[in-house]
Amino acid sequence: LGHGSGGAMTAELIQRVFLKYFHSDGLQQKNDAANLAIPDNIHRIAVTTDSHIVTPLFFPGGDIGRLAVCGTVNDLLTAGATPKWLSAAFILEEGLPIAVLEQILESMKKSAEEAQVEIVTGDTKVVERGKGDGIFINTTGIGYIAENFQPGGEKAAPGDAVILSGTIGDHGMAVLCARGELGIRADISSDAAPLNEIVRNLQPFARSVHVLRDPTRGGLSTTLNEIANQSQVGIELDEKSIPISKEVNAVCEMLGFDPYTTANEGKMIIIVPDEIKQDVLLAIRRSKYGENAAIIGRVFPNHSPIVLLQTNLGTHRILDPLPGELLPRIC
Amino acid sequence: MLGRHYQITGIVQGVGFRPFVYQTAIKYHLKGDVCNSANGVIINVFGPQRSIDSFHEILQTAPPPRARIDHLSFFEVPFQNEKEFRILPSQNIETDFLPVSPDICICEACQNEILDFNNRRFHYPFTNCTNCGPRFSIIERIPYDRPNTSMKRFPMCSSCTVEYENPLDRRFHAQPVACRDCGPQLTYFRNGSDGIFGDHALIAATESIKDGEIMAIKGIGGFHLACDAMNETALKRLRGIKHRSNKPFALMAKDIPTIQKYCMVNPDERALLQSAAAPIVLLKMKVGCIIPESVAPTQNELGFMIPYTPLHILLFEMLSPEIEVLVMTSANYSEEPIVFGDSEKDRTILAQLSDGILTHNRQIVTRIDDSVTRIDQDHQRIMIRRARGYAPDPILVQRQMNQILAAGPELKNTFCLTRGNYAFISHHIGDMENAETFQAYQEEIAHYKTIFRVTPEVIACDLHPNYLSTTYAEKLSEETGLPLIRIQHHYAHIASVLAENHRFNAESAIGLAFDGTGYGTDGFIWGGEALLCNNAGFERVYHLDNFPLPGGDTAIRKPYRQALALLYANGFSWEDSLFPVSSIPDREKELLKTQLDHHLNCVDTSSMGRLFDAISSLLGICQEASYEGQAAIELENVADPDCTEYYPFEILEDKILLKSVIGNILDDLRQGIPKSVISAKFHHGVIQLCLEICVRIREAVNLNIPTVLSGGVWQNQILLGGVRDLLEKNSFNVLLPRQLPYNDGCVSFGQAVIANEIKDRMR
Ligand SMILES: [Fe+3]
Ligand SMILES: [Mg+2]
Ligand SMILES: [Zn+2]
Ligand SMILES: [Zn+2]
């Protein structure tokens with residue numbers, strides 16, 4: 001098994017192994033949160049779950065606790081849901097200092113308050129020393145879905161505009177640089193944040209929001225490829241319009257990482273009809289964590305799903321999902 | 001009296017073969033008929049035995065210059081008392097297939113006509129005959145008849161019809177035949193203004209070039225961007241517009257004497273320049289060559305071609321004597337495919353790239369770039385980019401092939417389709433990362449499948465999981481259920497050369513695959529490999545000791561990173577006095593150190609190409625590469641031809657160690673030895689290494705097996721010439737590619753022949 005990067009190999013693992021055993025409407029949707037009808041057949045809820053593993057546990061801009069809350073909240077938001085309740089399950093490694101655990105719980109509490117969710121149930125297991133990486137946290141989230149606001153990765157339509165809520169690559173690079181043994185000096189903070197306000201400010205456009213998706217593991221490129229696949233369309237991005245901090249760009253360049261496949265934890269991709277893109281952009285920019293939002297591309301009809309980047313040279317580069325391995329292709 | 005039936009396959013259509021048969025039959029008073037089929041030319045002759053024998057003799061010994069007979073079969077048939085010899089309409093049997101002639105440069109007779117004031121084709125830019133003109137680039141399907149080409153929209157006038165129908169005329173059944181009255185016409189556009197037509201268009205375009213402007217000119221396979229090669233301002237603008245900082249531009253000169261003002265042209269080079277393919281030929285610059293440096297920065301060579309269409313000839317007619325050399329570079333941004341159409345979108349791109357457009361209404365069906373070649377020290381042609389004039393000539397394979405689609409590599413892509421005795425290797429497609437190229441790739445595969453009537457039973461691709469060609473092949477295999485065979489890159493390189501030399505069989509060969517990067521069976525990046533291989537598989541006998549490639553493709557674009565990684569991996573410190581150390585920004589140096597310490601995003605490689613890059617950086621020659629291979633090319637260019645010393649490599653088990661070579665280079669640098677000498681010593685070190693490896697393998701297998709060279713590194717002339725001479729001196733039989741390039745342009749053919757073996761064994 002070597003399929004954990006969140007890119008093409010993870011997708012293949014899910015497709016080939018997991019979906020062989022599990023079938024349900026919720027899974028079929030292939031979105032980050034399942035959109036489910038409750039038995040009264042009137043109201044719908046969103047359910048999602050995520051396990052969080054990160055080294056180091058603390059990094060500039062966040063920690064595993066904040067990630068565990070924001071990741072799940074943002075997944076609920078991508079279904080257009082109002083996040084409501086969270087469960088939290090902990091797998092602790094023997095020897096984890098209580099003070100560290102408390103620091104993480106404190107962070108979870110604050111993040112949950114910010115995201116206006118309640119942690120309503122939980123679980124704790126302790127594993128032997130050496131069998132865990134300090135702490136693993138699983139969170140499951142439940143939220144309400146409004147009848148008029150049900151975005152999905154399959155709804156991107158040719159002509160739509162693609163909006164991104166801020167800079168890319170911050171989380172992945174922040175965590176990388178924070179890895180103690182590397183000791184890379186870099187002025188990069190994780191973007192881990194709950195994006196409730198952005199989604200709330202989209203309410204006036206509810207029916208017109210085709211897709212909401214958070215580009216987490218695998219980055220912008222992988223997520224857009226998923227959307228292109230689900231909607232059977234092409235997506236074209238404009239390199240110069242994609243927000244990216246100078247520092248992230250520089251570090252990526254020097255280490256040979258691709259910011260387009262680097263993880264984010266507080267970003268949202270919003271796909272809406274072209275006519276309303278400017279209004280939607282303004283609404284996002286007014287929101288907390290949405291100040292640097294930009295229109296980064298458009299959806300176009302294509303016989304097979306593809307994501308293209310119009311480079312600053314005017315050429316079109318094919319953006320692939322994050323591959324299993326980073327290998328040079330220049331021969 | 002007797003009769004004989006012939007079937008002839010090869011390149012026998014679009015090359016004047018039927019008129020030749022007709023004329024020969026008439027000469028010997030034979031009766032019967034000849035016709036084109038989708039499977040070759042079919043002939044029936046009736047007459048006295050002696051006449052038929054003479055006919056046969058001529059058929060085999062003196063076919064038309066552009067024809068290539070791959071297979072001639074015949075049998076005796078009962079005599080029939082025919083009244084005449086006739087040319088019958090083409091037969092089309094759906095399952096038959098046949099090669100298609102490549103595009104052919106203008107012939108001498110046509111050249112004379114367009115310059116002859118009294119000829120009806122005087123100054124007509126679309127003049128051609130059975131011996132010349134567009135072929136592959138205008139064919140939609142076979143057999144090669146006018147309605148199956150983009151000439152179908154030009155009904156012939158009565159004068160052209162007479163020529164077309166007269167078996168004794170040079171234009172008998174020349175499909176693109178045309179004249180001023182009935183054929184394609186020129187149009188000249190300038191931003192926003194209406195078109196100017198015909199001769200006026202030509203005049204306007206030449207005036208604009210004389211004014212120093214950049215002109216988009218529609219040729220055989222696409223648009224060129226042309227400008228005065230002596231005009232520095234225009235050159236600078238062109239580099240800006242194309243986003244091409246250093247990569248050399250191709251040149252077209254009025255004629256060979258003009259080229260000789262700037263470059264040396266030996267008889268082989270002259271013959272190649274004047275050949276039917278009319279490729280770009282790389283030629284050594286003369287001392288004091290006054291072509292501006294910015295045409296080909298830091299090069300010792302220039303890529304020249306001569307006019308190969310009537311339009312080119314007419315352009316130079318009007319441009320000279322003021323202008324006798326034009327830059328002729330493909331109309332595209334950076335590495336995108338050449339623009340070849342006349343759609344609104346193409347027009348817009350061309351308007352951005354140029355000051356004016358000289359186009360015409362003969363549609364290009366298949367876009368195809370100019371081919372690039374050179375003559376090596378052994379007077380042999382080397383293919384560097386195989387395209388116009390060569391593709392789609394198939395390679396004749398000595399066995400029946402399964403129908404295979406080989407998807408090819410990522411860069412310099414070609415794909416390959418096989419059927420019968422033929423391997424159809426596509427023209428140069430380009431670098432796949434580009435969306436437009438990838439699109440073109442898929443369209444060309446469909447087109448080749450149609451015109452050569454291949455329905456693949458097997459798909460072959462590279463072992464590299466991230467190549468777009470691999471992804472394409474995987475998807476195709478999933479959709480069609482056809483078996484997918486993944487083939488190691490360097491095995492494909494070597495197999496390609498073996499198969500070209502008809503030596504891909506059970507006999508083993510030594511393969512020296514010296515290349516950029518290719519994915520190895522151990523998950524590392526290979527490229528400095530000595531393989532022992534045959535048609536059943538390969539063994540990796542020796543390879544360069546691995547060193548890290550920090551940041552993958554980033555390292556390849558910045559040779560100083562490779563130099564520093566090489567020093568690091570071999571235990572040398574980064575002294576401030578070293579060129580790569582002074583070239584790397586402080587912060588990046590610190591990060592690189594961390595990256596190497598933790599092997600973060602570092603892939604290990606045994607690539608010879610990367611070693612050349614690293615040495616180039618170490619000598620302070622090239623620190624950032626703006627086009628592929630730049631660092632290695634510049635390293636070659638500085639080498640002192642008079643130096644014969646060399647740095648010895650050490651071999652430990654299967655590893656070729658780099659430490660002593662680097663140590664020696666550092667010592668020489670410290671002692672102030674000139675980089676020209678160090679470069680030469682390094683080159684000679686690699687040459688000696690090759691001998692050492694081959695001798696060891698020969699002793700181990702106790703047989704004098706052939707040695708095969710393949711991989712982009714062999715485009716280095718010092719290395720190629722040196723290794724070939726040294727090996728031959730030591731009685732090795734050296735096999736080289738002749739029709740396909742050393743670089744990745746040959747990989748698809750290698751994939752195809754290997755997949756064919758595997759497929760046969762699956763039965
Ligand atoms: Fe290669
Ligand atoms: Mg989730
Ligand atoms: Zn001619
Ligand atoms: Zn005519």
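Trainee: What share of the contacts in chain B with a separation of 6 or more comes from residues 24 or more positions apart?

Mentor: In this predicted model, such residues account for 71% of those contacts in chain B. A pair is counted as a contact when the two C-beta atoms lie within 7 Å.

Trainee: What confidence does the predictor assign to chain B, and what are the ipTM and pTM of the model?

Mentor: Chain B has an average pLDDT of 94, and 99% of the residues score at least 70. The model has an ipTM of 0.87 and a pTM of 0.92.

Trainee: Which residues of chain B does UniProt place under "active site", and why are they said to gather at one spot?

Mentor: The unreviewed UniProt entry places that feature at B:Arg18 and B:Asn36. They span 19 residues in sequence, yet no two of their C-alpha atoms are more than 7.9 Å apart, so they gather at one spot. B:Arg18 belongs to helix H1, residues 17-27 of chain B, whereas B:Asn36 belongs to strand E2, residues 31-37 of chain B.

Trainee: Is B:Arg18 buried or exposed, and how is B:Asn36 classed?

Mentor: The threshold for a buried residue is 20 or more other C-beta atoms within 10 Å. B:Arg18 has 23 such atoms and is therefore buried. B:Asn36 has 25 C-beta neighbours inside 10 Å, so B:Asn36 also counts as buried.

Trainee: Which residues does B:Arg18 touch, not counting residues up to four places away in sequence?

Mentor: On that basis, B:Arg18 touches B:Val34, B:Asn36, B:Val41, B:Ile87 and B:His173.

Trainee: Which residues of chain B does UniProt list for "domain: Acylphosphatase-like", and which for "domain: YrdC-like"?

Mentor: The unreviewed entry lists residues 3-89 of chain B for "domain: Acylphosphatase-like". That span is 28% helix and 43% strand, with its end C-alpha atoms 21 Å apart. For "domain: YrdC-like", the unreviewed entry lists residues 199-389 of chain B. Residues 199-389 of chain B are 29% helix and 23% strand, and the end C-alpha atoms lie 27 Å apart.

Trainee: What makes helix H5 of chain A largely enclosed by the rest of the structure?

Mentor: Nine of the nine residues of helix H5, residues 170-178 of chain A, are buried, so the helix is largely enclosed. Among the buried residues of H5(A) are A:Asp170, A:His171, A:Met173 and A:Cys177. The cover over the buried residues of H5(A) includes strand E3 (58-59) and helix H8 (246-255) of chain A.

Trainee: How many residues does each domain of chain A give to the contact between domain 1 and domain 2?

Mentor: The assignment gives domain 1 as 31-145 and domain 2 as 161-318 of chain A. Their centres, taken over C-alpha atoms, are separated by 23 Å. The contact takes 24 residues from domain 1 of chain A and 21 residues from domain 2 of chain A. On the side of domain 1, helix H3 (64-78) and helix H4 (98-114) of chain A each give two or more residues. H3(A) gives the most to that side, with 10 residues. The residues on that side of domain 1 comprise 11 nonpolar, nine polar and four charged.

Trainee: Which element gives the largest share of the side of chain B that touches chain A?

Mentor: The contact takes 42 residues from chain B and 24 residues from chain A. Elements giving two or more residues to the side of chain B include helix H11 (435-451), strand E21 (509-519) and helix H17 (586-597) of chain B. E21(B) provides the largest share, five residues. By class, this side of chain B has 17 nonpolar, 16 polar and nine charged residues.

Technical notes:
Residues numbered from 1 in each chain as written. Chains lettered and ligands numbered in written order. Predicted model: local features only at pLDDT ≥ 70, side-chain atom pairs only at ≥ 80, totals over all residues. UniProt positions renumbered as here; feature names shortened; annotations may be inferred. Helix = DSSP H or I, 4+ residues; strand = E, 2+ residues; numbered from the N terminus. Buried ≥ 20, exposed ≤ 12 C-beta atoms within 10 Å, placed from the backbone. Domains from an automatic or database assignment. Nonpolar A, V, L, I, M, F, W, Y, C, P; charged D, E, K, R; others polar. pLDDT = per-residue confidence, 0-100.
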